[in-house]
Amino acid sequence: MSKMFVIDPMRCNGCYNCQIACKDEHCDNDWSPIALPQPDTGHFWIGVDEKVRGSVPKVKVSYIVKLCQHCENAPCMEVCPEAVYRRDDGLVIIDPAKAKGHRELAEACPYGAIFYNEGLDVAQKCTGCAHLLDDGWSVPRCVDACAHDAIRFGDEAEFADELAKAAYLMPDRAEKDKPRVVYLNLPRRFVAGMVRDLEADEVVIGATVTLENLATGEILTKETDDFGDFWFEQVDAASYNLYVEADGYLTRVVEVDEAEADVNVGTLDVFESNE
Amino acid sequence: MGKAKGRPIIKGMGFCASAIGANVCSVDVAEDESKILRLRPFHVDEGYDSEHFNTWKIEARGHTFEPGSKVVSGPLSYSYKKRVYSKNRILYPLKRVDWDPQGERNPQNRGKSKYVRISWDEATQIIAEEIKRVHDAYGPLSILVQGDGHGETKFVHGTHGCQTRMLGLVGDYTLQARQPDSWEGWYWGAKHIWGMDPLGQQNLQNNIIKDISENGDAVLFWGADPETTPWGWGGMMASRLCFWFSEIGVKQIHISPDVNYANAVHADKWIPVLPNTDAALQLAIAYTWLSEGTYDWDYLDSHAIGFDNFAYYVMGGEDGIPKTPKWAEQKCGVPSCTIKALARYWAKHAVSIAHCNGGSFIRSCFAHEPARLEAALLGMQGLGKPGANQFKFIEWSLFGMKSVTPLPPSVEIPSCSTAFRGRQYSVRPSIIPKTMIPQAITNPPVQWYGHIAAGLPREDQFVGPLTFPLEGKERIHMIWSDAPCWETCWNGGNEMQDALRHESIEFLLIQHPWMENDCLFADILLPINTKLEEEDIGTDSDNGMWNVIYYEQRAIEPLGESKSDLEAVEEVAKKLEQFGGIYEDLHSRMMDGGKTVADFIQAGFENTGAASAITFEEFKERQYYPFPTMQGWEDLPAGMIQFYEEPERYPLTTPSGKLEYYSTALADVFPDDEIRGPIPKWIEEGDGHEERIGSKRAVDYPFLIVSNHPRWRVHANLDDVTWLREIPTCKVTGPDGYAYEPLWINPLDAGKLGLKTGDVAKIYNERGGVLGGILVTERIMPGVVYQDHGARVDSIVTGVGGLDRGGANNLIAPSATTSKNAHGEVTSGFLVNVEKVDVFELAKQYPEAFERTYDPASGVVVDEFIVERG
């Protein structure tokens, strides 16, 4: 039965165990006929994209694990069908003997998951640790090394309940490539800030903060917490108006442009109304 | 079994060293024994049925937390193959080219001159003759043993202090004290308000995770990073607990200058605070509670003494300065409105405080004050009530104490102490505090209070003054170190570089697996192997899941001519026997009457309860024994609940048995100490420290540095691991291709200084400078720079006023200790300036340093330092 990877960045602590375990397995170990050794550095058959989001003091770091998507319609296979094959379990393998000299494979992957080993003159990528699966292991090294089930590997049926919520790394390509790696909770954008009564030098607790998506008109609301903070998580990359309303204070409106990055709007000072 | 799987053995890949095992790992060895295939998580259920375990479960708020059976360590353990096969391994005994024990010793050239290969026979003959000569000329106490600190955890083979077993039999030695370095502020400060021997942190932590799960509203992570510090000592359970708190809605509030790695993924709230200014923030919280009447007066009445004195100080009665949130804002950088919000939130909720040791909070000048104030605040909100304790994400079985595990405990904390051949004693008649080594070498005598050993009771701090050298004895003339990282791990490393070159040091012997840090100052270097090359026994009682004892088979043959720490000392012992007299039969004596490694492994096993469950042969066959969960663990009193409910029946270990907001003992013993006085205070400057943003020095050095336990090292360990170094926050490649230690700076400061990511900058003060690779990031607050400690030294100019390329910022940390009667290290929260450098100009200025043989993937390589290889 066809296997798949399910990756959940919300369960990722950014420890890089997956990347290290992959290197531990494949650098200086020859697993022919599945894979030749990976170069010691510079290649990431599984890698982590880390991104610092927001600004002081509303800062988060997101980690997104990336690897070969083991596509059903793999672009690499199209480019070089003689060197790439799919196993019965769905894992896409570059045959190291047949891929010798096929530099075009490294260019073919839209996910950047194929690397060219200059020393061995061969294109390489994640094998799903097929050599271990064939030797009785149930999961690849990266999955074994994850403490949080942020990377899982198994039969599609095991993940049936979650697949409805799953997304793809490159949604525009998903239909064409049919990746066997899916993602839960891919990070979107956040808007955060703090509301303060400047004159009283107090945070404002329980203020209503409204976020209006200027393109869709969608409205989200939050109340400021015990620290005067508000967080809107997993919102669209769009332009917004943000309204702050609290009893006895003048309403404030600020524009928030989330197109490029997450935004900490900072401290929003509110002032008493004269009513 | 297939070829891919290999032959599985077990190794403890923790880094505490000295018989405190952790990070149990499976290691697969190639079937032809030629190499290590892989290091991977240990699955505790592979060799024992599920009925064996009595699996625990915490249920709270509709969720369930269970230990599972996969024990996951961190990337520091799983990348260790690169450390074993490092290009920097010392593979043969080496002698410094211009050190001639029969002629010129050229101490001034240590750190500069190179090495030649010699044989084990020649090396141990020289060492034996030098020991004999020093014994005869100066007496045995002139040999300083540096045999402590962290590193690989071995039992029979050390790691540290094997030489004490031998030197102790031939007239003793002077011991570098095993400083309470992970706990400085708590040790020197918190003990005086709440006792809590041996370390000053809350020592009753049973069932605190269950308690917080059921009753807690929030946890304050005060400088704590559960995603970094525990990696060397316990693995991923700390991380799992943070996810668990998120799952059940326990608020995680981080208070620190940086977005540390736990904050980055788990925090619900970050309160940035300037390094080592927590005391101001804490006092303003106390002020808010006092002025608003939102503290537990009844509790203090029955559980504390001296609170009125403390309140008088906080409200400004003593010095005319009320410790208001506005006052604190100027000191600590936290907006006063946020201080008040935090104080009010805390007063209304069940709040615990979590730690992982280390960082500015506890390793800066006057660190005893924030540590004491933390206990003071916990007391004001009813310390010990449900959901309100202090606990740790690390050291869950420290010193074998059953009371410090906050998770459901196993039936036993196994101790293989009978197998241990490392450092024999923590206190000797002749000792030197680790923080005072440079002065003790260059300018004896030195004086201090207490025996400065982690684990001693509070009262020991009042013993003294103690002196080195002992009356009538000689100064240090020989050093034997197996922990050669002083300069990048301690206070004022540049001063240590000068000390190691001092003319009084006639012989500097170092044994170590890798050519790094203090090794470059050695006269003789002995090649040591890694634990993958040794047979041993181990324990792991710090993974938070299952306590385990395991048999460590040898994975591979020793590389080169390397030997274990124990074996190296054995070779010296055998050579010393030629002198007869006190040296007669020395080897057999140091091995407790000729015992072997196998004997000690068996003795270690038999010291544990595993021996009553399985035979030693079965143990070796199955390779491990896991201890089930204790029956009835749910009934262990949670945290400080007994003190909370019955303070008279369950007193603290303070003189009064209560929380001492006014420490009667400090008042009695050190009546003139204004820096660590009876009441915890904000200390601006004093005892040799001017490290505040309001200090005069801040005109020239306006930034405070925060230097944590490193994310991608354990202190000085692992800096050359290629797989770690390519992780973006591990190293920053400069324009010259050199991988620099990252230096985080906020975009606001970077803009002012014209710095961008990838630039190289120098941080510096009067004590010298170190380089760093700039990371412009919102993960650090303005006015502060962040650089982990422990980077591998790569000196451009050595000694005080020097310059280091590696980014080993301990070199420029203050030499003065915590305060005059508290002898802790000060290695974070000090002033520096930041300046962009042109590395190509520097290379022209210092061609020798910049032309060292260098591999960007692993750093400077050992060949650079060797002039001949046979």
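Here's a quick briefing on a two-chain model, grouped by topic.

This is a predicted model, so local features need pLDDT of at least 70, side-chain atom pairs count only at pLDDT 80 or more, and totals for chains, interfaces and linings use all residues. Residues are numbered from 1 along each chain as its sequence is written, with chains lettered from A and ligands numbered from 1 in the order in which they are written. Helices (H or I, at least four residues) and strands (E, at least two) are DSSP runs, numbered from the N terminus.

**Where chain A meets chain B**

- The contact takes 40 residues from chain A and 44 residues from chain B; two residues are in contact if their C-beta atoms, placed from the backbone, lie within 7 Å.
- On the side of chain A that touches chain B, the elements giving two or more residues are α1 (17-26), β2 (46-55), β3 (58-67), α4 (130-133), α5 (141-144) and β11 (202-203) of chain A.
- α1(A) gives the most to that side, with six residues.
- By class, that side of chain A has 15 nonpolar, 11 polar and 14 charged residues. For the classes, Ala, Val, Leu, Ile, Met, Phe, Trp, Tyr, Cys and Pro count as nonpolar, Asp, Glu, Lys and Arg as charged, and the others, Gly among them, as polar.

**Domains of chain B**

- Chain B is split into domain 1 (7-87), domain 2 (94-179 + 416-622), domain 3 (184-394 + 637-661) and domain 4 (696-868), with bounds that come from an automatic or database domain assignment.
- Domain 2 and domain 3 of chain B have C-alpha centres 37 Å apart.
- Their contact takes 10 residues from domain 2 of chain B and 11 residues from domain 3 of chain B.
- The domain 2 side of this contact divides into four nonpolar, four polar and two charged residues.

**A helix pair in chain B**

- Helix α9 (residues 278-292) of chain B and helix α12 (residues 325-332) of chain B have axes that come within 8 Å and cross at roughly 170 degrees. Axes here are lines fitted to C-alpha atoms, for helices over the stretch in contact, and angles run from 0 to 180 degrees between N-to-C directions.
- α9(B) and α12(B) are therefore roughly antiparallel to each other (under 35 degrees counts as roughly parallel, over 145 as roughly antiparallel, 65 to 115 as roughly perpendicular and the rest as oblique).
- α9(B) brings B:Ala280, B:Leu281, B:Leu283, B:Ala284 and B:Thr288 to the contact, while α12(B) brings B:Pro325, B:Trp327, B:Ala328, B:Lys331 and B:Cys332.
- That makes eight nonpolar, one polar and one charged residues in the contact of α9(B) with α12(B).

**Strands in chain A**

- There's an open sheet of three strands in the order β8-β1-β9 (chain A), with mixed pairing; two strands pair if DSSP finds at least two bridges between them.
- β8 (151-155) and β9 (181-183) of chain A sit at the edges with a single partner strand each, so one side of each is left without a neighbour in the sheet.
- From one strand to the next, the twist averages 25 degrees.
- Strand β1 (residues 3-7) of chain A runs parallel to β9(A), joined by three bridges, and A:Ile7 stands opposite A:Tyr183 in β9(A).

**A covered strand in chain B**

- Strand β15 (residues 351-355) of chain B is mostly covered, with five of its five residues buried. A residue is buried if 20 or more other C-beta atoms lie within 10 Å of its own, exposed if 12 or fewer, and partly exposed in between, with C-beta atoms placed from the backbone.
- Both faces of β15(B) are covered, with B:Val351, B:Ile353 and B:His355 on one side and B:Ser352 and B:Ala354 on the other.
- Strand β11 (residues 218-222) of chain B runs parallel to β15(B) over four bridges, with B:Val219 opposite B:Ser352.
- β15(B) also pairs in the parallel sense with strand β16 (residues 390-392) of chain B, over three bridges; B:Phe391 in β16(B) is the bridge partner of B:Ala354.

- Most residues other than glycine have a negative phi, and most peptide bonds are trans.
- The A:Val56 to A:Pro57 peptide bond is cis, with omega near 0 degrees, and A:Pro57 is in the loop between β2 and β3 of chain A.
- B:Asp197 and B:Pro198 are joined by a cis peptide bond with omega about 5 degrees.
- A:Asp121 has a positive phi, near 60 degrees, and counts as partly exposed with 13 C-beta neighbours inside 10 Å.
- B:Gln623 has a positive phi, near 75 degrees, and counts as partly exposed with 17 C-beta neighbours inside 10 Å.
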